[in-house]
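Dear colleague,

I am handing over the structure we spoke about, and I would be grateful if you could look through it with the notes below beside you. Please keep in mind that the model is a predicted one.

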Amino acid sequence: LTSLSEGVVFIDGKNIAREPEAIKNNIGLCPQENMVFPDLTVYQQLHFFGTLKATGKNKQELEEEISILLHKVNLTEKRNFIPKQLSGGQKRRLCLAMAVIGDANVLILDEPTSGMDAESKREVWDILLKMRGEKSIIISTHDMEEADILGDRIAIMHTGRLKSYGTSMFLKRLYGEGQVEVTLSVQPWCDSIKILEGIGISAQLLSQDEGKMVFAIRMGESLPEALD
């Protein structure tokens with residue numbers, strides 16, 4: 001990784017420059033390109049990284065973690081497949097599981113859905129949404145819809161500098177004019193009418209599928225309070 005040019009980074013209260021060994025097993029990295037061993041099965045990939053990272057677990061505990069992870073990323077039936085037998089979305093989910101193995105509390109994901117079709121992208125989003133509250137996740141993305149759906153806080157970078165930071169609705173209110181489109185991740189059984197009524201402001205439903213709903217609302221003072 002690139003060395004620090006300035007500033008200080010702490011993870012769990014530890015300085016990454018001074019105590020790298022103390023925190024390295026608490027970080028999971030999923031690079032933009034799929035980094036997998038071509039001749040190892042899905043299970044073997046996870047077992048290899050689990051052996052390196054989950055140093056405090058015995059064999060049975062590691063096996064249990066692998067089984068749980070395979071279920072979370074919907075790869076249980078592919079556990080004995082090698083990478084060339086997987087689709088692009090399945091490979092991406094495997095890389096995500098490899099980042100998570102070892103109970104890493106901090107995940108760094110670089111363009112996690114780059115090059116995916118809409119269905120595969122939605123599957124990865126669903127996995128990450130289920131991890132909310134369990135881990136700290138840093139995502140680098142050029143996809144504004146992805147940032148809108150997944151980000152509790154969004155940082156806008158330009159030429160290596162932080163230009164703006166805040167919730168999705170804060171940024172929309174700060175830079176938007178007229179109407180703004182809002183995307184919510186929802187369960188298939190959610191009633192769109194009740195959701196709009198619950199927000200308490202006038203909104204127009206633009207689209208809805210089994211995973212999300214998109215609606216337009218007028219920019220106003222009540223926007224951040226209603227949706228942040």
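Helix H4, which covers residues 88-100, packs with helix H5, residues 118-130, at an angle of about 20°, and their axes lie 9 Å apart. Because angles under 35 degrees count as roughly parallel, H4 is described as roughly parallel to H5. The crossing that H4 and H5 form is right-handed. On the H4 side the contact is made by Gly-89, Arg-93 and Leu-96, while H5 supplies Ser-120, Glu-123, Val-124, Ile-127 and Leu-128.

Turning to the strands, S6 (residues 154-158) pairs with S7 (residues 161-166) in the antiparallel sense, and five bridges join the two. One of the pairings involves His-158, whose bridge partner in S7 is Arg-161. The hairpin of S6 and S7 has two residues between the strands, and in this hairpin Thr-159 takes a positive phi near 50°.

As for the overall division, the protein is split into domain 1, spanning 15-152, and domain 2, spanning 178-227. The centres of domain 1 and domain 2, taken over C-alpha atoms, are separated by 30 Å. Five residues from domain 1 and five residues from domain 2 take part in the contact between them.

Notes
Residues are numbered from 1 along each chain as its sequence is written. This is a predicted model: local features need pLDDT of at least 70, side-chain atom pairs count only at pLDDT 80 or more; totals for chains, interfaces and linings use all residues. Side-chain values use heavy atoms; hydrogens and water are left out. Axes are lines fitted to C-alpha atoms, for helices over the stretch in contact, and angles run from 0 to 180 degrees between N-to-C directions. Helices (H or I, at least four residues) and strands (E, at least two) are DSSP runs, numbered from the N terminus. Angles under 35 degrees count as roughly parallel, over 145 as roughly antiparallel, 65 to 115 as roughly perpendicular and the rest as oblique. A crossing is left-handed if the near helix is turned anticlockwise from the far one by less than a right angle, and right-handed if clockwise. Contact means heavy atoms within 4.5 Å. Two strands pair if DSSP finds at least two bridges between them. Domain bounds come from an automatic or database domain assignment.
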